[in-house]
Amino acid sequence: MLRLLNGKGRSRVALLVGKSTRSTPQRRFRMPTKNIVSPTFYKRKLPCPPAIEFSSTEGEHVFQEALCQGTMAGFFKLIEQFRTQDEPAFCGLASLAMVLNALSIDPGRTWKGPWRWFSESLLDCCKPLDRVKEEGIIFNQVACLARCNGAEALEMKSGTFSIDEFRSTVLEVCRSGKEHIVVSYSRKNFQQTGDGHFSPIGGYHEDRDLVLILDTARFKYPPHWVSLPLLYEAMGAIDKSTGEPRGFMKLGVAYVEPSALFTFMVEPERIGTIQKIIKETLPAHVKELAAAGIGAEEAVSRLVRISRIRGLERFLAIRIICTGESCRQSCSERQKAILDAVRGLPIRKALVDNLDGTSGDDMLPDKLAILLVLLTDRVCEMDLPSKFKEDWKSFLDVSEVSPLLDDEVAFLKEQLTQVIRMEDLEKTRRENPTVRKEQMGVKAN
């Protein structure tokens, strides 16, 4: 029998028939865990003013007038490629993919199935995509990606140009239709949420001094017109991750054709390895071999046996997936011509004779041959006997072998310059105590 209290404090008796009256341990009552749901958004209202929504009545009038002024020449090429960025932090990649496709640059790599087409997933040679997704991307890295993928990029950091110079460039580009501008700016100047952002400029209204922002974050804001002076101010906002202002880049088709067969693929944290090999390891060994009176051809044979120099080939990728003889079958005609030219080089034959063939990489001799050709200029700049330098240059010269191979090497030299340049940028960022995950484009809300 248990004596219980009712709600009024009066006792009542409960008879438990056939059951022990001994107390039993009670289970702890646990409150159900509530799922913490993050807020979600369906677009945001564009602050107007200062912006003018592209699809508004006023926005349509501005567009019609700009069209009559002849300052929308690049609009139609860009609008054909207008895309929504795949990730909140991919504004720089989406803007660049739009422009590269608008410029009709062939990526030389497949996107899906047999199709070669620029998407954000292909823009990974200067920074891994998972890092971009987490941290965003900064101005210099977007310019590096542009050059690595066949564009000519003129970088203009805020503070290095006047508002009149910016206006003149916008007017020139929007009239020509042969180049495009990507701006890096702070949204805060337009009373928009978030901060750093990249977007292409789609056109210009000269009389009203308005530029059309083709915002790649279409899940957030639609395309809109903003005043050029206000955009000029927004580019001057400091990027907290670099301590530097933003700016714009003018993009066009590079005079040097993009490489067809080889490309550098380097993660930023490993760029220092390349720099050390090129600036320290290689010069030290070359000087040692030259001082010993060893000729250029024998010096090359010995260099490829040094594991640290051999390690360079890990950073040079092939733009096609192939092994053995299937490699030539997978190649385009241009790629076949380049591959044949490489395999006809004396340096390549010397490498085959000196490699043990146990690497499992059928393209290893080709990669090492190209890498040593790329380093010819650096060797010739060193303080070495003139005879050694002449022999080295003669042994590795490709200028008279094939115009296609010469173009391939010229592009790779530029790409290597850009990749090494990223090390200085990363070093500056690592030494900057204010670096935080506030990269451009990360904050999407």
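**Salt bridges in close-up**

**View 1. D164, R167 and D209 are linked in a network of salt bridges.** A salt bridge is a side-chain nitrogen of Lys or Arg within 4 Å of a carboxyl oxygen of Asp or Glu. This is a predicted model, in which local features need pLDDT of at least 70 and side-chain atom pairs count only at pLDDT 80 or more, while totals for chains, interfaces and linings use all residues. Residues are numbered from 1 along each chain as its sequence is written, and side-chain values use heavy atoms, with hydrogens and water left out. By the salt-bridge rule the count is 12.

**View 2. R167 is bridged to D209, with the closest N and O atoms 2.8 Å apart.** R167 sits in helix α6 (residues 163–176) and D209 in the loop between β6 (196–205) and β7 (210–213), so the pair ties together parts 42 residues apart in sequence. Helices (H or I, at least four residues) and strands (E, at least two) are DSSP runs, numbered from the N terminus. D209 is buried at 16% relative accessible area, and R167 is partly exposed at 22%. Buried means under 20% relative accessible area, exposed over 50%, and partly exposed in between (1.4 Å probe, protein chains only).

**View 3. E206 forms a salt bridge with R175, the closest N and O atoms lying 3.1 Å apart.** This pair links distant parts of the chain, with E206 in the loop between β6 and β7 and R175 in helix α6, 31 residues apart. E206 is partly exposed at 33% relative accessibility, and R175 is partly exposed at 45%.

**View 4. D366 and R343 meet through their side chains in a salt bridge (3.2 Å, N to O).** D366 belongs to helix α14 (residues 364–374) and R343 to helix α12 (residues 333–343), so the contact ties together parts 23 residues apart in sequence. D366 is buried, at 0% relative accessible area, whereas R343 is partly exposed at 27%.
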